[in-house]
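Here are some notes to read beside the structure.

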Amino acid sequence: MRNIINNAFKNIDPNNKKFVEKNTDIVEEIYKIFEEKDYSQQDLAELLDKHPSEISKYLSGLHNLTLRSITKMEIALGSDIIMTRSKAREKYRKARFFALKKNARKNEGDITDGGRVKAEFRAHIGEDFSLKAS
Amino acid sequence: MNTFATIEEVLRYEHVTYYTVRIEVDDKKEDENEFEKWISKHSQDDSIKDEYQDLISFLERMGKELSAKKRYFRHERKAGALPPNWKKLKPQEKEAHVTYSKNLRLYCMRITKSVVILFNGDIKSIRARTAEECPKVRKFFRQANNFAKSIDEAISNREIQVDTGNLIFDTDFEIAINL
C-alpha cells in the first residue's frame, strides 16, 4: 500500500513542482524583507489597502501570484522581491566590499568558527572581492 | 463499535517527517491509511489536477527545504481572520490545521516544524464559507479534529514523545477515537 504514497511523490508533474518552488521562493523572500524592515503581514495589508486574509492567501505558497501583484508588493515594501539573473549580475558586480561585522561579533572568542566563516566566504566570492571584517 | 487508530510514518525528508493514521474497526485494520485514501480519491481527478499536484509538491518542498513552518498552516475555524493569531487560539483550536490550494483540503496536524501528521480531506464547496458548512469536507474536518485531540492528549500524557523529526511511541500504541 505504501506504493500509493511513493508513486504520488514520484509522479509529481514537473510544472507543478517548479510552480511551488518559485512560489515559495517568492514567499520566503517576502518574509526576509519583513524581517529586515520589521514589517508584518498586517503592515503589508495596510500598505496595499487589502484585507489581511488576501495577503495571507498571497503568502500561502500556493497562490498564483501575478507579476502585477508582485510589483505592487515590491513598491509597497520598497524592495525588489524578484530580479532577473542579468539584472542581479549587473547590480552585484558593482559591490566591492561586504561587511561581516555581525558575523565577526557572533563568532568573537571562537577563532575556529571565525576562520571558517572567512574561508567559506572567500571561496564563494572568488578573487574579485575583498573581505572587510570589522 | 470500538474504533481505534494507529500512527504510522509515511515519508521522511531531511526537514520534515510525515506521519498518518490508519483506522482500525473491531480489530480489523483498514486497507488504506488516511493519507492513502486522500491520494487514491484525488490523484486521478482531472478537475483538481493542479490543486492536487501543487499540494503534493508543497509537501515535498517543505520536507526537502522549507520545513513545516507555522506560517504555511492555517486554522480552518479562523480562516476568516487569517493569519491565525496563535496566542489567542485555545489549545484545541491549534490542533487541526489545514493546507490547501483553492478548494482541495488536506487536513493535517503540525506538531513541530519537523513533524506533521497527514489526515484525509476533500474538495470544499465554493458556496460553503466554512468546513462545517460543507457536507463533503465536514466529515474529514471533524475526523481530523478528533484525531488531533487524541494525539494531543497522548503527547500531553507522554504516551507519544516528540523528538527532533520523530514521534516516539510503543509499537502497540493506539488512539481511541469517536468517529
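1. **Make-up of chain B.** Chain B holds 3 helices and 9 strands. Read from the N terminus, its elements follow the order β-β-β-α-α-β-β-β-α-β-β-β. Please keep in mind that this is a predicted model.

2. **Burial and contacts in chain B.** Chain B has 179 residues, and 54% of them count as buried. Take the contacts in chain B with a separation of 6 or more: 54% of these are between residues 24 or more positions apart. The accessible surface of the chain is about 8800 Å². Carbon and sulfur atoms supply 44% of that surface.

3. **The largest nonpolar core.** This core has 49 residues. Which of them touch the most other members? They are A:Phe9, B:Tyr18, B:Phe35, B:Trp38 and B:Met62. The list draws on chain A as well as chain B. In soluble globular proteins, nonpolar side chains tend to be buried together.

4. Another core, of 27 residues, lies apart from the largest one. Its members include B:Phe119, B:Val137, B:Ala154 and B:Ile175.

5. **A salt bridge between the chains.** There are 16 salt bridges over all chains. In one of them, the side chain of A:Lys17 meets that of B:Glu60, at 3.2 Å from N to O. Why does this pair join two chains? A:Lys17 sits in helix H2 (residues 14-37) of chain A and B:Glu60 in helix H2 (residues 49-66) of chain B, so the bridge runs from one chain to the other. A:Lys17 is partly exposed, at 35% relative accessibility. B:Glu60 is buried, at 7%. A network of salt bridges links A:Lys17, B:Glu60 and B:Lys64.

6. **Another crossing pair.** The side chains of B:Lys69 and A:Glu28 form a salt bridge at 2.5 Å, N to O. This pair also crosses between chains. B:Lys69 is in the loop between H2 and strand E4 (97-101) of chain B, while A:Glu28 is in helix H2 of chain A. Are these residues buried or partly exposed? B:Lys69 is partly exposed, with 24% relative accessibility. A:Glu28 is buried, with 12%.

7. **A bridge within chain B.** B:Glu36 and B:Arg22 meet through their side chains in a salt bridge of 3.9 Å, N to O. The pair links distant parts of the chain, 14 residues apart. B:Glu36 belongs to helix H1 (residues 34-42) of chain B and B:Arg22 to strand E2 (residues 17-25) of chain B. Both residues are buried.

8. **A two-sided helix in chain A.** Look at helix H5 (residues 67-77) of chain A. Its residues A:Ser69, A:Ile70, A:Met73, A:Glu74, A:Ala76 and A:Leu77 are buried. They span an arc of only 165° around the axis, so they fall on the same side of H5(A). The cover over these buried residues includes H2, helix H3 (41-48) and helix H4 (52-58) of chain A. The face turned away from the buried side carries the exposed residues A:Leu67, A:Arg68 and A:Ile75. Just after H5(A) comes A:Gly78, with a positive phi of about 70°.

9. **B:Thr6, a polar stop on the tour.** B:Thr6 lies in strand E1 (residues 3-12) of chain B. B:Thr6 is buried, at 9% relative accessibility. Not counting residues up to four places away in sequence, B:Thr6 touches B:Thr20, B:Val21, B:Arg22, B:Glu24, B:Lys29, B:Phe173 and B:Glu174.

Note on methods:
Residues are numbered from 1 along each chain as its sequence is written. Chains are lettered from A and ligands numbered from 1 in the order in which they are written. This is a predicted model: local features need pLDDT of at least 70, side-chain atom pairs count only at pLDDT 80 or more; totals for chains, interfaces and linings use all residues. Side-chain values use heavy atoms; hydrogens and water are left out. A salt bridge is a side-chain nitrogen of Lys or Arg within 4 Å of a carboxyl oxygen of Asp or Glu. Helices (H or I, at least four residues) and strands (E, at least two) are DSSP runs, numbered from the N terminus. Buried means under 20% relative accessible area, exposed over 50%, partly exposed in between (1.4 Å probe, protein chains only). A nonpolar core is a set of buried Ala, Val, Leu, Ile, Met, Phe, Trp, Tyr and Cys residues joined through side-chain atoms within 4.5 Å. Contact means heavy atoms within 4.5 Å. Accessible areas come from the Shrake-Rupley method with a 1.4 Å probe; for residues, only the protein chains shown count as cover. The arc is that of the directions from the helix axis to the C-beta atoms.
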